[in-house]
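Let's take a friendly walk through this model, from its surface to its interface and then to its charged pairs. Keep the viewer open as you read.

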Amino acid sequence: MTTYATRFGSLVDYEKGGVEIIDDDPRHYTFSNMFEVASGAVAWEKIAVAKNQEYVLEVIRAEGVSGWRSAAHDEFALVMDGTVVVELRSLTEPVVPAGTRGSIALAEQPDGRPMGRVVARRGHMALLPANAAHRFRADEPSVILLQTIAGADTVYRWSEICQTD
Amino acid sequence: MTDTAPAVVGDRNEHGYRSFRLGEFTFDRDEYFAHVAWPSGKDVLSIDAFLRALQRDVAWGFFYGVVNFDAVIGTVNHYGEVDLFAGSFNESYRGAGLDYVERFPHEDIHAAFQAILDDWTIEGFDPFAAPEETGSPWGDKQGSNTKAVTRRRVTAKRMVGVPGDEVPRSDATGHPVNRMFADVPQDEPDVEPEPGFEEEVCGFNLFAYLSRSDVTWNPSVVSVCEDSLYCPTTEEFILPIIHGNDRVEWFVQLSDQIEWVVADKETNALRARVTMKAGDVAAMPADIRHQGFSPKRSMLLVWENGSAALPRMIAEGRAPTYPVDF
């Protein structure tokens with residue numbers, strides 16, 4: 001009887017696949033590996049690894065304590081490696097300017113009420129609710145995949161992270 | 001557009017199966033094969049492959065773009081109406097003038113496909129299951145498996161686990177951990193809302209949720225950011241259809257490995273092979289068709305942009321067939 005081992009990736013242990021081109025341009029597949037991207041990232045950079053019109057998936061190297069951020073829409077944080085504490089606070093008044101897409105950085109801790117927190121380990125997904133503030137904490141280097149909308153702080157590094165030949 | 005409602009044709013055949021007609025297309029099965037015919041030609045598919053493909057097309061509501069059952073027949077979703085085609089995405093058929101297509105209201109073709117699926121799926125065979133996990137589709141008509149072929153597709157409105165939304169899977173919901181995911185941790189996140197914020201402070205274990213999926217190759221929505229849809233799925237064996245994109249689609253390999261064979265959407269000429277391992281991210285351009293092969297059950301995050309405007313934007317050249325220029 002076969003014993004199956006499920007293979008997840010991590011910052012310290014991942015393998016990368018690739019595109020074998022027959023008759024195409026490899027750049028059209030925008031192929032990358034999120035652990036490789038996070039390995040070369042500065043903590044809390046929001047690096048796009050996927051983009052579909054205005055929507056993006058961002059890889060975040062979580063390490064230490066992030067700044068506070070807020071968005072006018074829901075976002076979703078999936079922990080792909082490590083443990084991340086998501087801290088949430090309400091806002092006494094909206095801080096995201098009308099029409100702003102993606103999240104914005106807040107200059108300081110918002111003065112709303114504490115909403116609670118989620119301690120998320122690998123495979124756990126947390127809601128970052130619209131019009132609330134959130135910040136992350138990771139005691140060890142961790143990786144977040146964020147479902148969101150492209151914003152002013154989204155970092156594009158396609159030619160560095162994607163297969164080109 | 002054809003306005004012929006789906007109809008059962010004649011009595012049961014010598015194997016106990018009903019025949020069906022939809023427009024000018026006819027559908028018959030025997031012990032081993034599905035036979036599909038149209039005014040200018042015919043096709044034959046192994047019944048296990050046909051039922052697995054039909055199951056996905058029905059469950060997905062004809063999905064995004066083209067669902068090829070094989071190199072000849074399939075459907076194109078026009079979102080409200082659906083084309084049933086033969087040879088339309090096959091260069092040889094088109095060159096010979098043998099391609100044929102009829103368009104139906106979504107509800108008519110859906111009802112017809114559901115009726116075929118229900119009649120032709122016998123007791124013990126589950127078209128959603130991996131081959132190792134289900135019984136035989138072969139032979140004479142013997143019973144049915146309506147419960148399996150009418151599963152409800154999960155579509156979270158905000159996120160699985162949010163109060164009032166889809167609930168996480170568990171033994172209690174009838175979702176035991178799959179044999180190939182027995183080693184996947186089942187712990188849930190520590191969710192600690194302050195009073196009054198129970199509907200906003202939420203989380204769930206996506207990997208545990210996927211480890212308990214009782215279907216393969218069936219993306220279901222777990223989180224929604226406007227038109228951005230997380231549609232993770234568990235994959236084992238072969239994607240039963242060849243998906244022809246009408247928009248850019250993204251794959252994030254969450255666990256294990258899948259091999260993708262990518263061909264031209266219109267001609268079926270091979271363009272690439274993509275090997276995806278845990279943590280890999282790749283786009284499927286809007287002008288290709290693809291089929292996946294997963295030796296061990298794996299977790300795949302399919303990320304879709306559900307915007308109704310995208311297919312027309314791409315068809316009119318107002319949006320590129322690939323996601324980014326760099």
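In chain B, the loop between helix H3 (106-120) and helix H4 (146-149) holds B:Trp138. The model you are looking at is predicted.

## Where the two chains meet

How many residues of chain A are in contact with chain B? The count is 68 residues of chain A, and they meet 70 residues of chain B. About 5900 Å² is buried between chain A and chain B, and carbon and sulfur atoms give 59% of that area. On the chain A side, the residues that lose the most area to chain B are A:Tyr4, A:Tyr29 and A:Met125, which together make up 12% of what that side buries.

Polar groups take part as well. Between chain A and chain B there are 37 residue pairs in polar contact, counting pairs with both residues at pLDDT 80 or more. Strand E9 (residues 114-121) of chain A gives the most to the side of chain A that touches chain B, contributing eight residues.

## Salt bridges between the chains

Seven salt bridges are counted between chain A and chain B. B:Arg158 pairs with A:Asp74 in a salt bridge, and the closest N and O atoms are 2.6 Å apart. Elsewhere, a network of salt bridges links A:Arg7, A:Asp13, A:Glu15 and B:Lys277.

## Charged pairs within chain B

Over all chains, the structure holds 38 salt bridges. In chain B, B:Glu81 and B:Arg103 join their side chains in a salt bridge, with an N to O distance of 3.8 Å. This pair links distant parts of the chain: B:Glu81 sits in strand E8 (residues 81-86) and B:Arg103 in strand E9 (residues 100-105), 22 residues apart. B:Glu81 is partly exposed at 28% relative accessibility, and B:Arg103 is partly exposed at 32%.

A salt bridge also joins B:Asp171 to B:Arg212, with 2.8 Å between the closest N and O atoms. These residues are 41 residues apart: B:Asp171 belongs to the loop between H4 and E10 of chain B, whereas B:Arg212 belongs to the loop between helix H5 (206-211) and strand E12 (223-225).

## A glutamine beside the arginine

B:Arg212 has another polar partner: its side chain makes a polar contact with the side chain of B:Gln186 at 2.9 Å. B:Gln186 lies in the loop between H4 and strand E10 (190-193) of chain B. With a relative accessible area of 30%, B:Gln186 is partly exposed. A polar atom of the B:Gln186 side chain also lies 3.0 Å from the backbone oxygen of B:Val184.

Leaving aside residues up to four places away in sequence, B:Gln186 touches B:Val177, B:Asn205, B:Ala208, B:Ser211 and B:Arg212. The C-alpha atoms of B:Gln186 and B:Tyr209 are separated by 8.4 Å, although the two residues are 23 residues apart along the chain.

## A buried leucine

Where does B:Leu51 sit? Its place is in helix H1 (residues 47-59) of chain B. The relative accessible area of B:Leu51 is 0%, so this leucine is buried.

Which residues does B:Leu51 touch, not counting those up to four places away in sequence? They are B:Arg29, B:Leu117, B:Trp120, B:Thr121, B:Phe125 and B:Pro127. B:Leu51 and B:Asp118 are 67 residues apart along the chain, and their C-alpha atoms are separated by 9.7 Å.

Notes
Residues numbered from 1 in each chain as written. Chains lettered and ligands numbered in written order. Heavy atoms only, no water. Helix = DSSP H or I, 4+ residues; strand = E, 2+ residues; numbered from the N terminus. Contact = heavy atoms within 4.5 Å. Buried area = accessible area lost by both parts, 1.4 Å probe. Salt bridge = Lys/Arg side-chain N within 4 Å of Asp/Glu carboxyl O. Polar contact = N/O pair within 3.5 Å; in protein donor to acceptor, adjacent residues only side chain to side chain. Buried < 20%, exposed > 50% of the residue type's maximum accessible area, 1.4 Å probe, protein only.
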